[in-house]
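Welcome! Here is a friendly first tour for anyone opening this structure for the first time.

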Amino acid sequence: MASNHSAEPALHAGISQEEHHDHPNLEEMRTFGFWIYLMTDVLIFGTFFAAYIVLRGNTNGGPGPAELFELNGIIVSTFLLLASSYTCGLAVLAMNKGKKQALMVWLALTAILGAAFIGLEITEFTHLVQEGATMGTSAFLSAFYTLVGTHGLHVCIGLIWMVAVILQLASKGITPVMKRKVQTISLFWHFLDVVWIFVFTVVYLMGVS
Amino acid sequence: MWEKVKSFASEFFVTGDPLIYGADVSIGLTLIAVVVGMTYFKKWNWLWREWLTTVDHKKIGIMYILSAFLMLFRGGVDALLMRTQLVMPEMSFLAPDHYNQIFTTHGVIMILFMAMPFMFGLFNVMVPLQIGARDVAFPFLNSLSFWLFFAGAMLFNLSFVIGGSPDAGWLAYPPYSELMYNPGVGQDFYIWGIQISGIGSLMTGINFIVTILKMRAPGMKLMRMPMFPWSVLSSCIAIIFSFPILTATLALLFLDRYAGAHFFTLDGGGNPMMYINLIWMWGHPEVYIIVLPAFGIFSEIVSTFSKKKLFGYKSMVYAMMIISVLSFLVWAHHFFTMGSGADVNAFFALTTMLIAIPTGVKVFNWLFTMFRGKITFETPMLWTIGFIPCFVTGGLTGVLLSVAPADFQFHNSYFLIAHFHHVIIGGVVFGYFAGLYYWWPKLFGFKLNERIGKWAFWFWNIGFYLCFMPQYVLGLMGMTRRVVSYSWDKGWWEMNLVSTIGAALMGIAFLFQVWQIAHGVKHSAANRDTTGDPWNGRTLEWSIPSPAPYYNFAVLPQVSSQDEWWEEKQRMEQGGAKAQSQLYTGELEPIHMPKNSAIPILMSACCFVAGFGFVFHWLWFVIAGISGLAICMLKHSFNHDTDYYIPVEEIRSSEASTGRWKN
């Protein structure tokens, strides 16, 4: 039985010696797990999008999308976020070339652009609330604040995360663990950019047209 | 000042019912007993080091199962209280509002805080052992998942003595769950208890998908994997696609109640039916999430105790995957009466009927596995054999319910209650019990008493049929769910009486199980499993000692077929004295292991505090909880020293103590 183990390696049909020593690669698994997490986040946004689409006509006699949204500010924040995705991509390229300084600078720039985006969003929300369009005004506005606000919350969490990654890079340098961390934050950042494209289209463009 | 405290306390604590005061006293006494006992035996340090901060999948699994048993007790007491109230017409054992709370908490606890942790417990203890892995993919995350579940369960149960329990049914349909009709804190406990534990469930789903896809032993192709990991994979796929919808839906309900939003309210343009669609988009897959692993367990057991390879391995795999996908296409059958029209109802009626096909395939596979097998009737096999007729008949009533026009008659009647208890007890609960009895020796290193186990089995089974068969009839006679009492002239008395007797028998069966475990622990030395393979098993978990060493496998197994351990035993038998293991070859090497961490339990404590703050609108609690959460996460992120190596000498001496790797 099992006590009969032999220390000699037995030749085994179908299994090469390489496979034998092939332990699971931790960092690769973590990246894979993060991809699955992103899929679940797609579903959370998907649910909020669905709620928004179902409820956007229910303005309860209050203001509708066409009266509320000012496209100019939104186009500016869209470009800020797109630019931050570009700088995030440059950060990963710098990392792959082993340039720690450039990597940190590009990440910091990404975070600054992200913070500017959040600043604009907060300005927009305060402006809307001052006009009397609050969460409790109508089902349309509840769904609007929830969808756009959830995206904003994700960006805020991404900002804290990015600062943490920059600080760790400063002390640890570009190690395999740090490489994976930069890759996951960049995945997250691009993901938020893609979600924003949908928010921009479904909420703002289709709202004012 | 004193008046202020008094008025706060009378709002904060649940008062007025002698049952609740009794519960308060017993909770207080139990807590005192635990604290005194732990201090007296100086066990706090041991508890913290070995259990509360562990990242070992086997220990986390045991904690899950233990919690599930506690919750089974509480949910069971709820059930017995309800059955007592219904035993006679015009009973006034429970007040109507108390009755509402009890059917709500019974449902939530049984599905989310009993079935789910029981299932995750079995995932944890067995999946890594069956696929030849040393742990799950993300051990830290695994510990966090458990503690989030635990924090959520405790928050939910707290509502019993503080603030008041939810009473809007187990899925909290609006508008009744909205602030306008339900101004107390009960529904907020509901939202946050489920939200916190649901996030844990979602992470467990991700964890096991990665574990199964990336960490199988060398040579274990997907199609060589035992059936239980397959069922876990199909269940986890359903988890990652459905639990986000639950998280989002509860968040919307929370915003309605907390921030005055109008998603599901009757005023302001809200749409209550949207909630019912969304919650069932999670709720229906959830039913399959909990039953698929039970199918996997039955497949393992039926093949072990028939001494045969599982019949139709491939069709079993396809059937589970198809069920996992189809489970997302049937949600509207829970509300055919919504009025969405004949076309929509026809679509959902057809998809519902379709699910019976892969399920039928599985039943035939189990039957053909037993056909001409050398069947033995140990307790795990008894539960399996008890399950098949139970699930088939329960499934057939499901097909009856799927007929949309007829459903207008069955909807929300006791016919429905009987149906879902039939498949959930007969499928899920029997399945998890079977799994627990089957893997018990591997988990704890000793076998349980078969005789007491058989008593428990028969009491469960007879009690089950007595309890739920009359409910089908009651449903057809017009008794609707959630009624608190009924009058003498309805003619429902006899059936309700029989049903209550059945419930009592199941209560006795549970006591038999507790006795069986206590008896097993007391006599564990005499019933020790020294072989590691007490059932003459077929899969890898039986090839290592019982209980499994903390690193699971001294060297990773080399797999070349399905049922590899069975094949290895055949090879050794045929090879005689000269035979060499093909399963375990090579030299011992240092093993890479994750370090324990206190962060998961601290993070969950922070979630508990934040959740409690949200329930009572105490903003400083929320801020404290969320800041604590953020600090924990950053602390974990900045810690790069998370693992260590077990030296070869330690592995060798540990293995030698079970008679392995002696040279």
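This is a predicted model: local features need pLDDT of at least 70, side-chain atom pairs count only at pLDDT 80 or more; totals for chains, interfaces and linings use all residues.

Residues are numbered from 1 along each chain as its sequence is written, chains are lettered from A and ligands numbered from 1 in the order in which they are written, and side-chain values use heavy atoms, with hydrogens and water left out.

**Where chain B meets chain A**

- The contact (heavy atoms within 4.5 Å) draws 60 residues from chain B and 51 residues from chain A.
- Between chain B and chain A, about 4700 Å² is buried, with carbon and sulfur atoms giving 69% of that area. Buried area is the accessible area, taken with a 1.4 Å probe, that two parts lose on being put together, summed over both.
- On the chain B side, the residues losing the most area to chain A are B:K214, B:F638 and B:H640, together 12% of what that side buries.
- One salt bridge is counted between chain B and chain A. A salt bridge here is a side-chain nitrogen of Lys or Arg within 4 Å of a carboxyl oxygen of Asp or Glu.
- B:K214 forms a salt bridge with A:E28, their closest N and O atoms being 3.5 Å apart.
- Helices (H or I, at least four residues) are DSSP runs, numbered from the N terminus.
- Sorted by class, the side of chain B that touches chain A has 31 nonpolar, 22 polar and seven charged residues. Ala, Val, Leu, Ile, Met, Phe, Trp, Tyr, Cys and Pro count as nonpolar, Asp, Glu, Lys and Arg as charged, and the others, Gly among them, as polar.

**Cavities**

- Eight cavities of 30 Å³ or more are found in the structure. On a 1 Å grid over the protein atoms alone, a cavity is a set of points where a 1.4 Å probe fits but cannot get out, and lining residues have an atom within 4 Å of a point.
- The largest cavity holds about 130 Å³ of space, a volume being the space filled by probe spheres set on the points, which are joined across faces, edges and corners.
- Its lining has 15 residues, and B:P226, B:M227, B:S303, B:L310 and B:D563 lie nearest the centre.
- Helix 9 of chain B gives the most to this lining, with four residues.

**Backbone features in chain B**

- B:P174 and B:P175 are joined by a cis peptide bond, with omega about 5 degrees. B:P175 sits in the loop between helix 6 (139-158) and helix 7 of chain B.
- B:A172 is also found in the loop between helix 6 and helix 7 of chain B. B:A172 has a positive phi of about 50 degrees, although it is not a glycine.
- Another cis peptide bond runs from B:S546 to B:P547, with omega near -15 degrees.

**Salt bridges overall**

- Over all chains, the structure holds 13 salt bridges.
- A:E27 and A:R180 form a salt bridge, with the closest N and O atoms 2.6 Å apart.

Key. On a 1 Å grid over the protein atoms alone, a cavity is a set of points where a 1.4 Å probe fits but cannot get out, and a pocket is an open set with protein on both sides within 12 Å along at least five of seven lines; lining residues have an atom within 4 Å of a point. Helices (H or I, at least four residues) and strands (E, at least two) are DSSP runs, numbered from the N terminus.
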